[in-house]
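Please look over the sequence and the structure shown here before reading the report that follows.

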Amino acid sequence: GEPTCAEGTAGVPVMSLASVDPAEIDRALREVGFLAIVDHGVDERVIDAAWRTAAEWFSRPREEKARAPLLGPDYPYGYSPLHSEAHPGSEDDARARAPGDGPPTLADEKEMLCIGPENGVAPARRWPEQSDELRVAWLAYFDAMVALSDRILELFARALRLDDDGWFSHFNRRHASALRAINYPALDADLAPGQLRSSAHTDYGALTILRVGGPGLQIFNRAGAWVDVPSIEPHNGSAFVINLGDLMSRWTNNRWLSTPHRVVVPPRAPDTRAFADARQALAFFHNMDMDALIETIPTCREEGAPLRYAPILAGEHLMKKHEAATRGEALNIYAATA
Ligand SMILES: O=C(O)CCC(=O)C(=O)O
Ligand SMILES: [Fe+2]
């Protein structure tokens, strides 16, 4: 039959969800930590509406957006304006600093709007009051992502040769997932040296479903190089990029990778004055139940191999990641792969 798996330039395989071989998923997640899916079955109108209402909302005046529910200590969702977050800087930035300078505080060149689940796990959703259309569209998209992540978790169970396709569903009764739209504004000047659209990070949870609009996403591969994730559309039809977060890597005793990734400004074409087009992404972060006990998955306990992690509650893992991020702990990927 038709091949279900083709290599992109970063080695991110593209798989048809209609005919995927779970062994290929296992291979991709062991070697790359990222894959792309087509034939995913999500209604294109649902995707378009979420995409369009996000873009429309980001295009509003700054003062209007600032009146939206804001991300803060009592509400870890809502709107984060441009430059509201400081992140560990890039490797170049770290090299440029004198010892003892403290962590770099270059802010990512992005703004974000986020909602959480509506299942009692998180504070009640707060919406920007200006757009009923956004609320309706995002509710549908959120539900579609929940359904798609359920399907992907079934495939993960098969990829890990668990005896029950529904193995993950026992940890997925009141998930703590979040939907985030990210706007990387058009640029009319270069960013500061070392500044990025999204600085290098790994995701926290089980898996992330990304809808990507435009170039710039890079992954840090096992050879220790930053490589572009090529755009999959339009040749392969509508696609989502799937990657794992730290929880899934831990759960599989590091069999599967939580791959560092970042978003850079694409290289500027010579002889043009335009710097960079705007870029948008929709990221659905799937988190397991807060009280899910994460102990190495039975089929990931190779005989004789050490168990790398003690059991932990998924909620505790998530909080530790949030705390590390707010302390600005740098992601030490360079040392890890040296
Ligand atoms: O914009 C993208 O393509 C990726 C964003 C991302 O990695 C994140 O928000 O965690
Ligand atoms: Fe990410």
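This is a predicted model: local features need pLDDT of at least 70, side-chain atom pairs count only at pLDDT 80 or more; totals for chains, interfaces and linings use all residues.

## The iron site

The iron ion (ligand 2) is coordinated at 2.1 to 2.2 Å by H201 through NE2, D203 through OD and H261 through NE2, and along the chain these donors follow the spacing H-x1-D-x57-H. Distant parts of the chain are linked in this way, since H201 is in strand β9 (residues 198-201) and H261, 60 residues apart from it, is in strand β14 (residues 261-263). H201 is partly exposed at 25% relative accessible area, whereas H261, at 5%, is buried.

## Salt bridges

Across the whole structure, 16 salt bridges are found. One of them pairs K65 with E111, whose closest N and O atoms are 3.1 Å apart; because K65 lies in helix α3 and E111 in strand β7, the pair ties together parts that are 46 residues apart in sequence. K65 is buried, with a relative accessible area of 7%, and E111 is buried as well, at 5%.

Within helix α7, K320 and E316 are four residues apart and so are separated by about one helical turn, and their side chains meet in a salt bridge with an N to O distance of 4.0 Å. A network of salt bridges also links D26, R30 and R255.

Definitions and conventions:
Residues are numbered from 1 along each chain as its sequence is written. Chains are lettered from A and ligands numbered from 1 in the order in which they are written. Side-chain values use heavy atoms; hydrogens and water are left out. Donors are N, O and S atoms within 2.8 Å of the metal (3.2 Å for Na, K and Ca); water is not among the atoms, so sites may look incomplete. Helices (H or I, at least four residues) and strands (E, at least two) are DSSP runs, numbered from the N terminus. Buried means under 20% relative accessible area, exposed over 50%, partly exposed in between (1.4 Å probe, protein chains only).
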